[in-house]
Amino acid sequence: MKLKEWLDEQQLKQVDLVELFATNGNEVTQGCINKWVNNERIPRKYEMQLITTLTNCKVTPNDFYDISC
């Protein structure tokens, strides 16, 4: 599932995800999250791990890559 889809499903805004990151001791900007949502940037490893945890594995690293076989 794409991060944007998860945010929509949870009825969360990007700023809400900023707060979730802050609650877990990690600072990211809303601009950074916007780039993830719009496929302009891929999260760093520690950010990816937290995204996977916060989304209960609904958003995984593979969801940030548009690779098809």
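Student: Is Leu 20 buried, partly exposed or exposed?

Tutor: This is a predicted model, in which local features need pLDDT of at least 70, side-chain atom pairs count only at pLDDT 80 or more, and totals for chains, interfaces and linings use all residues. Residues are numbered from 1 along each chain as its sequence is written, and side-chain values use heavy atoms, with hydrogens and water left out. Buried means under 20% relative accessible area, exposed over 50%, and partly exposed in between (1.4 Å probe, protein chains only). Leu 20 has a relative accessible area of 28%, so this residue is partly exposed.

Student: Which residues does Leu 20 contact, leaving aside its neighbours within four places in sequence?

Tutor: Leu 20 is found in helix H2; helices (H or I, at least four residues) and strands (E, at least two) are DSSP runs, numbered from the N terminus. Contact means heavy atoms within 4.5 Å. The C-alpha atoms of Leu 20 and Leu 54 lie 7.9 Å apart, although 34 residues separate them along the chain. With those neighbours set aside, the contacts of Leu 20 are Trp 6, Leu 12 and Leu 54.

Student: How is H2 oriented relative to H4?

Tutor: Two packed helices are described by the angle between their axes and the distance between the axes. Axes are lines fitted to C-alpha atoms, for helices over the stretch in contact, and angles run from 0 to 180 degrees between N-to-C directions. The axes of H2 (residues 14-23) and H4 come within 11 Å and cross at roughly 105°. Angles under 35 degrees count as roughly parallel, over 145 as roughly antiparallel, 65 to 115 as roughly perpendicular and the rest as oblique, so H2 is roughly perpendicular to H4.

Student: What classes of residue make up the contact of H2 with H4?

Tutor: From H2, Leu 17, Leu 20 and Phe 21 meet Glu 47, Leu 50, Ile 51 and Leu 54 of H4. Ala, Val, Leu, Ile, Met, Phe, Trp, Tyr, Cys and Pro count as nonpolar, Asp, Glu, Lys and Arg as charged, and the others, Gly among them, as polar. By class, this contact has six nonpolar, no polar and one charged residues.

Student: Why does Glu 47 count as buried?

Tutor: Glu 47 is found in helix H4. Not counting residues up to four places away in sequence, Glu 47 touches Phe 21, Val 28, Trp 36 and Arg 41. Glu 47 counts as buried because its relative accessibility is 1%.

Student: Which backbone oxygen does the side chain of Thr 52 reach?

Tutor: Thr 52 is found in helix H4 (residues 45-54) and, at 16% relative accessibility, counts as buried. With residues up to four places away in sequence not counted, Thr 52 touches Cys 57, Val 59, Thr 60 and Pro 61. At 3.4 Å, its side chain reaches the backbone oxygen of Val 59.

Student: Which helices do the buried residues of H4 pack against?

Tutor: The buried residues of H4 are Glu 47, Met 48, Leu 50, Ile 51, Thr 52 and Leu 54. They pack against helix H1 (3-9), H2 and helix H3 (30-37).

Student: What is the radius of gyration of the protein chain?

Tutor: The protein chain has four helices and zero strands. The globule rule, 2.2 Å times the number of residues to the power 0.38, is compared with a radius of gyration taken over C-alpha atoms. For 69 residues the rule gives 11 Å, and the chain is as compact as a globular protein of that length because its radius of gyration is close to this, at 11 Å.

Definitions and conventions:
A polar contact is a pair of N or O atoms within 3.5 Å; within protein, one must be able to donate a hydrogen and the other to accept it, and residues adjacent in sequence count only if both atoms are side-chain atoms.
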